[in-house]
Each structure stands twice: as C-alpha cells, then as structure tokens.
Amino acid sequence: MEKEQIYNLIDAFFHDELSKTEESILFTVLSENNEGKEYFKEMLKFSEVVKLTSDEVPENLDREILIRTVKFSTKKKRTKYQLSYLFAFLIAVLFIFASFFFYQKLQDYNREIKEVHKIVDYQNKVISLFINSLPAARVNETLQNEIIIKKNL
Amino acid sequence: MKLSENEKILLFGKYYEALKSGVYNYAVKMLSDKETASDVMQNVFVKFFEHIENIREEEKIKVWIFKSARNEIYGIYRKSGNSIFSKLDKTAIENISVGGFPHEKVEAAELANILLDEVNKLSETSREVILLREYAFLSYNEIAEITGVEINVVKSRLHKARKKLIDKISKLYR
C-alpha cells in the first residue's frame, strides 16, 4: 500500500470513518510499516491535543438557543391563529359593507321607482285633462251628398 | 420536507446535539471571540429551526448548518473589517482536566497552547479546513461543499496544515 493511502486510512480511522474490515486492514499494514506506525502515533497525539483545545458549549448558550426556538415556534403558532382570526374578521367586515351597500342601492331604486310612479301619475292626469278639454264631436243624421249609381252598359 | 411541529422539534434536537460542539468550536476559533461565536451559533440554529422544512434532504442538513455558520462568520468579518487572523481565544486551555500529576497537566496545557498558536498562524483557507475536519469532524466531501473548493484541494490543504501542526507538537513531546 502507498504512503498516501496509509495516511488517508489513518486519518479516516481518527475520524471514525473506517469499517471494521478497513480497520483490520489498517492495523495489518501498520504492523509491517514503521513510517505508518510513526504517523499513527503522531496522529494519536495530535487528536489528543485537539481534544484538549476543544471548547465546550456553555450551558447558558444551550438554554438561550432553546428559548429562542421555542419562542419562534409559539410565535409562529400564534401568528397562524392570529392570521386566521384576522381573515375571518376581514371577511365579516366585507360582508357588512356589502350588505350595507346593497341596502343603500335598494333604497335608491325604491326612491327612483316612487318618483317615476309620481311622474307617470301626473302625466296620466295631464292626458286625461287634455282629453276632457277637447270640444264634443257632432254627428249629423241627414245625408248631405247624394250618391248616384249609374248603370254602365 | 413536510414536517409536523413535533417532527420539527425532534429533528432539530437530533442535529443540535450532534453538531453544536462542531459549530461552536468552528465559530470560536474562526472569530476568536466567544460572545460573537455564541451569537453566530444562536443565529445559525434559530435559522435552522425556521428553515428546517425548506431543506430538501436530511443528508444536506449538516452542510446547510455549517454553510450558514460560515456565511455568518464571513459576514462579521466583512462588517467589522477585521482580519481573520486575529488571536485565538485560549480559554479552553484554562479548563484542561487531564492527567493525575501536575507535570502532565502543564505539558498538556503547553501542547494545547502550541497547537492554538500554530492554528492561528495558518492561512485562512488551511485554518478553516483544519477546524472543519478536526473540530467539527466533517468529511472531505462536506468540507469541499461548504468551502466551495475541489475535494483534492481540501485533502491537500488539510494534509499540509496538519503536517505543520504535527511537526510542531512532535518537537515538544519527543
């Protein structure tokens, strides 16, 4: 096995990326390869020191994150409910306005019909007056123009 | 992913527990300031909770979280104009609990100190790769996806950076 491959296997080993079979291959290779063995030791020391310099997440930060996510979750829920209430309220307001608008329209039509009715009544009366004011018709009983019927043979 | 509120909380808990240490260490060591790193971590995980349903595949969650942390960190650098090579926070060394003898504790602290100094001296790209691999335990593929470089570049940067660090540490304990 090449040096590069051994180094990659060692790296993978320290990052828990090797399967059991690969691990056994690595240890077989290391038993025969001093350079690899040396690198393995160095990596072991290196990962120990890395662990030493690793910072732990403070408890208050854990708590803070938890509080913020819970807040976000409840706020989202509340917003969801608030939105549905708002939507229902808007619909109700819309219906109120619509019914008011149609009531007004109805009233307007009613008024217009009454006025038209009045005008028609008035015109009816005027027409009656005109008819009544006309002179009476005279009908003659006698025949004034003689009708002569000739035989045309 | 379409999830119920309970499923969301469970998924969040699972990934928070698994990744919190990696994200925190990555942020602390990139920013060298625990308070700012805590803010980054809060923002990242709250954002994760908010967008948990928008992440299409569960396998992408890890990368999504670290990408989000990376964006936050680089955003802070852009805003503050600070160099990424600021001094690393070494409070972790103060809390070292190793070995039964005082000399072991001193040696461990010294090694840790050297490691942090050397990490601090690394270039921005190498430092990031080392942090993502050694502290966050990400795979080469994940690091490549997060940093936006080829996997071979990740491997080579990591190998060089780690060699430098190992050489420094080896000198001390040999």
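**Stop 1: where the chains meet.** Colour chain A and chain B separately and look at their contact: 19 residues from chain A and 32 residues from chain B take part. Keep in mind that this is a predicted model.

Now select the side of chain A that touches chain B. Helix 3 (34–52) and helix 4 (59–133) of chain A each give at least two residues to that side. Which helix supplies the largest share? Helix 4 of chain A does, with seven residues. Colour this side by class and you'll find eight nonpolar, five polar and six charged residues.

**Stop 2: a pair of helices in chain A.** Next, select residues 3–14 and 20–32 of chain A, which are helix 1 and helix 2. They pack at an angle of about 130 degrees, and their axes are 10 Å apart. At that angle, helix 1 of chain A counts as oblique to helix 2 of chain A. The crossing of the two is left-handed.

Show the side chains that make this contact. From helix 1 of chain A, pick I6(A), L9(A), I10(A) and F13(A); from helix 2 of chain A, pick E22(A), E23(A), L26(A) and V29(A). Six of these contact residues are nonpolar, two are charged and none is polar.

**Stop 3: over to chain B.** How many helices and strands does chain B have? There are eight helices and zero strands, so reading along the sequence gives α-α-α-α-α-α-α-α. Of its 174 residues, 35% count as buried. Among the contacts in chain B with a separation of 6 or more, 67% join residues 24 or more positions apart.

**Stop 4: the largest nonpolar core.** Bring chain A back. The largest nonpolar core has 49 residues, and the ones with the most contacts inside it are V23(B), Y26(B), A27(B), I65(B), A69(B), L115(B) and L132(B). Elements giving two or more residues to this core include helix 3 of chain A and, from chain B, helix 1 (5–31) and helix 8 (151–173). Helix 1 of chain B provides the largest share, 11 residues.

Zoom in on I65(B). Leaving out residues up to four places away in sequence, I65(B) touches Y15(B), L19(B), V23(B), V44(B) and F48(B).

Terms used. Residues numbered from 1 in each chain as written. Chains lettered and ligands numbered in written order. Predicted model: local features only at pLDDT ≥ 70, side-chain atom pairs only at ≥ 80, totals over all residues. Axes fitted to C-alpha atoms, helices over the stretch in contact; angles between N-to-C directions. Helix = DSSP H or I, 4+ residues; strand = E, 2+ residues; numbered from the N terminus. Parallel < 35°, antiparallel > 145°, perpendicular 65-115°, else oblique. Left-handed = near helix turned anticlockwise from the far one by under 90°. Contact = placed C-beta atoms within 7 Å. Nonpolar A, V, L, I, M, F, W, Y, C, P; charged D, E, K, R; others polar. Core = buried A, V, L, I, M, F, W, Y, C linked by C-beta atoms within 7 Å. Buried ≥ 20, exposed ≤ 12 C-beta atoms within 10 Å, placed from the backbone.
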